[in-house]
Amino acid sequence: MSLVVANAGRAVLAALLVFTAATLRGDERSRERTVALVVEARDAEALCRKAGCRPETFLSRLRALGVCGLAVRPEPLSRLVAARKVVRFSEEEVSRLRSTGVAAPGAPLTPGALFVKDEAVLARIAAAAGAQGVRLEQSRFGRMGVLELPAGVEVSALSAGFDPWWTEAASEAGLVPVYRVSGSPDLRLALGADGPGAALLDAAPDALEPEARAGLEGAMGGRRMWAAAGRSGGESSFGGDRVLASAEVRSDVPLDAFLRLVAGRGPSLVVVGLDPQAGPDAAVAALRRLSRGLRAEGTSPAWPSGLFESRRLGKPERAARLLAGFAAAVLFPLLAMRQGLAAARWASRASFLPEASPIREAALGMGVAAACACAGGLVVRALCSGIGVGFGPPPWFSAASAALAGAGFIALWLPDEESWGGLRRGDRALLLRLFAAAAASGFVLFPPDAVRAWAFGLGPLASLRPAWWWAPARWAEMLVGYPALFVGFCRYAETLAAVSGRRTGARDPRAWLFAGLAAPLGLSGALLNARIPLGSVLVHSTHCLAAGAALGALVYLAAGIRGRNQAGS
């Protein structure tokens, strides 16, 4: 029994690692990484009109590039009147027609009535008016249908619904019609359309009428329609089914910014706005660039099939996983630092490459710390799998980061009762360290927008090298955490050498080690982004480690040279 108790911690850790491996393996095999690229029908119409090409041919080219849908918007009825598809006579025009004998005295020429010759347009206007709750009186005048508006209803206030020509052309080209829905009337028209489609909700789902919501839920449950939130922050649940997150970009968006958008916010539908002045060939080239960038990062330009939805977790299991994920996000970085310091101590006692000290201690300590932090990040990713987390650090991760910073400060500067007594007595030096640590933590956790965009030069670098699109989001890990960790381990090795009498003049490593907590923290945050394949995150992390170690070595050597110059002077 005593043997079991003594190894309980190792057994729990082993069980946690087995759970992590099994969960991540299943998650990587089943998770869909797809983004549906959608273009606006009005942009395609403008491009084809300018270039004189057939819209059907242009839509077929878009489908071959990986474009998945065509977004159509409701047309105002006034546009059909302006295009003379619908004729509307004013009171003065009606009087002139009757007085000249063009129209018989009994002809149904009511001022303001709509005269429609095309039966398809007539049915379209009647259906759109019915969806808006407007009842139109219908009659005939020769070969024309007559629609009489109710008193007080203006043409400018009515919608003519979606253009059926574009929805049919999209379906024939293999594209899914995406209906831009700004209210319940638009949603009713979208639900009444034939074939599969998607509803892009520009209005909040809660603003829809219950009857329209119920229709959308039925269409989603029958896999006849996708739903995407146009202005919501991320994916959510609607009637038990998933509402896709969406985003809108221009076709000339830099590739690194586009990939950061897809990986960071995790939209499953992206509306790409085309430039009508650029021409069809430029639009095709821009879409090809975005599609190839997605495929290079392991994401397919396609609609989500919904065949691999994760198991729904109950509230107790969700709460338990979140609590365990929070604890792991705090404890594993501390464990990584502890194991890194232990590895540095072991290296300081070893006899190999003594002339490389303290670089060898720092290199080994960083490697062990990074490996432990990576294991902790994988545990957090596995614990948070299937609970709505997966497109970047969740809101509670900021609280976990703050808790980690507090625990790190306590471990470094308040390890015993005497140091706590100094804090209670108002030790000025200790209070200054506390203030500096809090300010540095706040800057790293909540950087200004300018710092977040520029990322100390990593933003422009990503613009020049789109393959480094992920680097600006990990600036703290690459430019602060790993360099500080390297310098901190070097100074820790100097302290060990001074204690053993091998050298003199050791410097305090605690400030550098505290700043080094940004490295495991950033690694855990990156691993929480399930939109990026796990293998890609690990490759990015090795790049961060190598670049940070090189920068840390330069900082340490520069500080040593400066110190020797000051001593010599």
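Mentor: The axes themselves are lines fitted to C-alpha atoms, for helices over the stretch in contact, and the angles run from 0 to 180 degrees between N-to-C directions. The model is predicted, so local features need pLDDT of at least 70 and side-chain atom pairs count only at pLDDT 80 or more, whereas totals for chains, interfaces and linings use all residues. Residues are numbered from 1 along each chain as its sequence is written, and side-chain values use heavy atoms, with hydrogens and water left out.

Helices (H or I, at least four residues) and strands (E, at least two) are DSSP runs, numbered from the N terminus. Two packed helices are described by the angle between their axes and the distance between the axes.

Which residues of H4 and H8 meet? From H4 come Pro 55, Glu 56 and Leu 59, and from H8 come Trp 165, Trp 166, Ala 169 and Ala 170. Contact means heavy atoms within 4.5 Å.

A second pair of helices may be set beside the first. The axes of helix H14 (residues 359-383) and helix H22 (residues 518-527) come within 8 Å and cross at roughly 35 degrees. This crossing, too, is right-handed. On H14 the residues involved are Ala 370, Ala 373, Cys 374, Gly 377, Leu 378 and Arg 381, which meet Pro 520, Leu 523, Ser 524 and Leu 527 of H22. Their contact divides into 7 nonpolar, 2 polar and 1 charged.

We may now turn to the wider chain. Its secondary structure amounts to 23 helices and 12 strands, and 46% of its 569 residues are buried. Buried means under 20% relative accessible area, exposed over 50%, and partly exposed in between (1.4 Å probe, protein chains only). Of the contacts between residues at least 6 apart in sequence, 71% join residues at least 24 apart.

Several elements show what burial looks like in detail. In strand E1 (residues 36-40), 5 of the 5 residues are buried. Ala 36, Val 38 and Glu 40 lie on one side, with Leu 37 and Val 39 on the other. E1 pairs in the parallel sense with strand E12 (residues 269-273) over 4 bridges, and Val 38 stands opposite Val 271 there. Two strands pair if DSSP finds at least two bridges between them. Strand E2 (residues 67-72) is also joined to E1 in parallel by 4 bridges, with Leu 70 of E2 opposite Val 39.

Helix H9 (residues 184-191) is mostly covered as well, 6 of its 8 residues being buried. Its buried residues, including Leu 187 and Ala 190, pack against helix H7 (119-131), strand E7 (176-181), E8, helix H10 (210-221) and E9. Strand E9 (residues 225-229) has 4 of its 5 residues buried, so it is largely enclosed by the rest of the structure. Strand E8 (residues 197-201) runs parallel to E9, and 5 bridges join the two; Gly 197 has Met 225 as its bridge partner in E9.

Finally, two loop residues deserve attention. Most residues other than glycine have a negative phi. Arg 84, however, has a positive phi, near 65 degrees. Arg 84 lies in the loop between helix H5 (77-82) and strand E3 (86-88) and is exposed, at 58% relative accessible area. Phe 456 has a positive phi of about 55 degrees, and belongs to the loop between helix H18 (449-454) and helix H19 (458-464). With 41% relative accessibility, Phe 456 is partly exposed.

Conventions:
A crossing is left-handed if the near helix is turned anticlockwise from the far one by less than a right angle, and right-handed if clockwise. Ala, Val, Leu, Ile, Met, Phe, Trp, Tyr, Cys and Pro count as nonpolar, Asp, Glu, Lys and Arg as charged, and the others, Gly among them, as polar.
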